[in-house]
Amino acid sequence: MIKLSGVCKTYRQKGNLVTAVNDVSLHVERQEVFGIVGYSGAGKSTLLRCINLLERPSTGTVVVNGTDLTKLSKRELNLTRRNIGMIFQHFHLLSSATVAENVAFPLRLAKTPADETKRRVAEMLNLVGLAGYEGQYPSQLSGGQKQRVAIARALAAKPSILLCDEATSALDPETTQSILALLKDINRQLGLTIVMVTHQMEVVRDICDRVAVMADGEIVETGNVIDVLLAPSHAVSKRLFQVHSTTDAMPISTQKDGRRVLEVSFTGALAYEPVLAEVAQETGCTFSILRGTVDTIKSVPYGQLTLAWHGTPQAVQRVAETLTRRGYVIANDVTETVPSEVYASC
Ligand SMILES: Nc1ncnc2c1ncn2[C@@H]1O[C@H](COP(=O)(O)OP(=O)(O)OP(=O)(O)O)[C@@H](O)[C@H]1O
């Protein structure tokens, strides 16, 4: 559906070259919700804007539905862009136009007949839950309602792709949830492909199927959300997705007593099995839970726990291997990262 190959974007800034996106290749499947995350300045927005050529890549190709956008004339590009809607953090609504006029804007550009425009605007406002707001102005709406109008406008020309640039970052948590629910519905009902840039990990957890982690203009890790979230492999992903800091999770007394402190994760049916009790029995160790989360990601149960294992040195040595055999993932063996001076001083 969307295939980026070797995309680079450089800017000239005060005589220096800034590389915002560096040799990114990416494949987004039809109808998936794909997240792009990373710290500020990682290049996320620039990469997103390369997908509809709001930013023209310095090198590389952008193929959408089999067409390389970088090869199109201006006119062809404008026509193709109708297939790609976009929403933004600050909504970008026309303040002097009514809700209906805002939603009708892309249809006017496409010279859609008036009766069809009217019908489509009504359909879109119904979809986003704003039927009856046609005559209101953006200043009369809440942030969540403004984003709903922006979504209606973005979908008015029936695109098959929606790009979202920090679409929920300016909204409170409750409104964020309602916009995410709307995007999920749209993804399901209309079969829309959604690519979203976000720094909100709950957005990734709630709505994305796959995620790419960016750092310094590059994609450093891509995968299914549940895999990247529970067993991130790159240092940046670990920082972004870790639920809590290891140091916070370990009172000093536990560092001393717990011979082995492990951060583990598990998914699916394992959440319902008495794995920890069985591993304790098999190894002859006991354990305490220092920190933990058990939740679901898109209806799949998962858990992340920090465990202190107590027992003889030989017994605690067997714990990690036994947990792994039972299907747990060892995200971090914290014991090995605790300096020996810490043990000595406790
Ligand atoms: N038009 C521009 N001119 C010059 N440099 C730019 C331009 N746009 C982006 N950059 C630079 O490219 C880099 C990536 O910026 P970008 O906005 O894509 O990052 P981001 O990950 O989206 O950050 P944020 O989360 O803060 O929005 C930054 O160093 C930024 O300063």
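Predicted model: local features only at pLDDT ≥ 70, side-chain atom pairs only at ≥ 80, totals over all residues.

Residues are numbered from 1 along each chain as its sequence is written.

**Domains and their contact**

- The domain assignment, whose bounds come from an automatic or database source, gives domain 1 (2–240) and domain 2 (243–345).
- Between the C-alpha centres of domain 1 and domain 2 the distance is 39 Å.
- In domain 1, 6 residues are in contact with 8 residues of domain 2, contact being defined by C-beta atoms, placed from the backbone, that lie within 7 Å.
- Helix H8 (residues 225–230) supplies 4 residues, the largest share of the side of domain 1 that touches domain 2; helices (H or I, at least four residues) and strands (E, at least two) are DSSP runs, numbered from the N terminus.
- That side of domain 1 comprises 5 nonpolar residues, no polar residues and 1 charged residue. Ala, Val, Leu, Ile, Met, Phe, Trp, Tyr, Cys and Pro count as nonpolar, Asp, Glu, Lys and Arg as charged, and the others, Gly among them, as polar.

**The sheet**

- An open sheet is formed by 4 strands in the order S12-S13-S11-S14, with antiparallel pairing; two strands pair if DSSP finds at least two bridges between them.
- Strand S12 (286–297) and strand S14 (329–333) are the edge strands, each pairing on one side only.
- Strand S11 (residues 260–267) pairs with strand S13 (residues 300–310) in the antiparallel sense over 8 bridges.
- Opposite Thr-267 stands Tyr-302 in S13.

How values were computed: Contact = placed C-beta atoms within 7 Å.
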